[in-house]
Amino acid sequence: MRDGLQLAPTNTEFLLLKARIYDRIEQPGFALELLRDVNAQLPRDADILLMRANLASDAGDYALAVASYQPLVAWRSDQGTWWLGYGYALEQLAQLQGEGDGEYASLRDSAAEAYRRALQ
């Protein structure tokens, strides 16, 4: 794998494998940084987007989590767990924005819609 990443540093399969190893050895921060700027393409890189969304949410980077979940739920709108993760990230991002921010209400509405979609 190391040789593969040296020869092809943007190969998404190698990056995902390395990120999974970091996550498995309880270094999720390294895994997230490895995936943070990956230009993921669906459907090929769905696992990268999902892992990045989960890691970002766990790390409190809700903007990245939202940005990672958005293409996933647009692509496969039948995945309730993705909608649930998306809704949670939207809700947390809204709380960080604060009620005084104009974007707060929009994020809360989007989170409620995502939760509704998760139930379907």
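**Ground rules.** I number residues from 1 along each chain as its sequence is written, and I use heavy atoms for side-chain values, leaving out hydrogens and water. In this predicted model, local features need pLDDT of at least 70 and side-chain atom pairs count only at pLDDT 80 or more, while totals for chains, interfaces and linings use all residues.

**Entry: helix 4.** I took helices as DSSP runs (H or I, at least four residues), numbered from the N terminus. Next I asked which residues of helix 4 are buried. I call a residue buried under 20% relative accessible area, exposed over 50%, and partly exposed in between (1.4 Å probe, protein chains only). The buried ones are Ala-46, Ile-48, Leu-49, Met-51, Arg-52, Ala-53, Leu-55, Ala-56 and Ser-57. Their cover includes helix 2 (12-24), helix 3, helix 5 (62-75) and helix 6. Just after helix 4, I found Gly-60 with a positive phi of about 85 degrees.

**Entry: helix 3 on helix 4.** I looked at how helix 3 (residues 28-35) meets helix 4 (residues 46-59): their axes come within 9 Å and cross at roughly 130 degrees. That angle makes helix 3 oblique to helix 4. My cut-offs are under 35 degrees for roughly parallel, over 145 for roughly antiparallel, 65 to 115 for roughly perpendicular, and oblique for the rest. From helix 3, Pro-28, Ala-31, Leu-32 and Leu-35 meet a set in helix 4 that includes Arg-52 and Leu-55. Contact here means heavy atoms within 4.5 Å.

**Entry: helix 7.** The 17 residues of helix 7 (residues 103-119) should span 24 Å; I find its end C-alpha atoms 25 Å apart, which agrees. Tyr-104, Leu-107, Ala-111 and Ala-114 are buried in helix 7. They cover an arc of only 90 degrees around the axis, so they lie on the same side of helix 7. I took the arc from the directions from the helix axis to the C-beta atoms. Asp-109 and Leu-119 are exposed on the other side. The buried residues of helix 7 pack against helix 6 (80-97).

**Entry: Leu-84.** I placed Leu-84 in helix 6. Leu-84 is partly exposed, at a relative accessible area of 47%. Leaving out residues up to four places away in sequence, Leu-84 touches Tyr-115 and Ala-118. Pro-71 is 13 residues from Leu-84 in sequence and 14 Å away in space, C-alpha to C-alpha.

How values were computed:
Helix = DSSP H or I, 4+ residues; strand = E, 2+ residues; numbered from the N terminus. Expected span 1.5 Å × (residues − 1). Axes fitted to C-alpha atoms, helices over the stretch in contact; angles between N-to-C directions.
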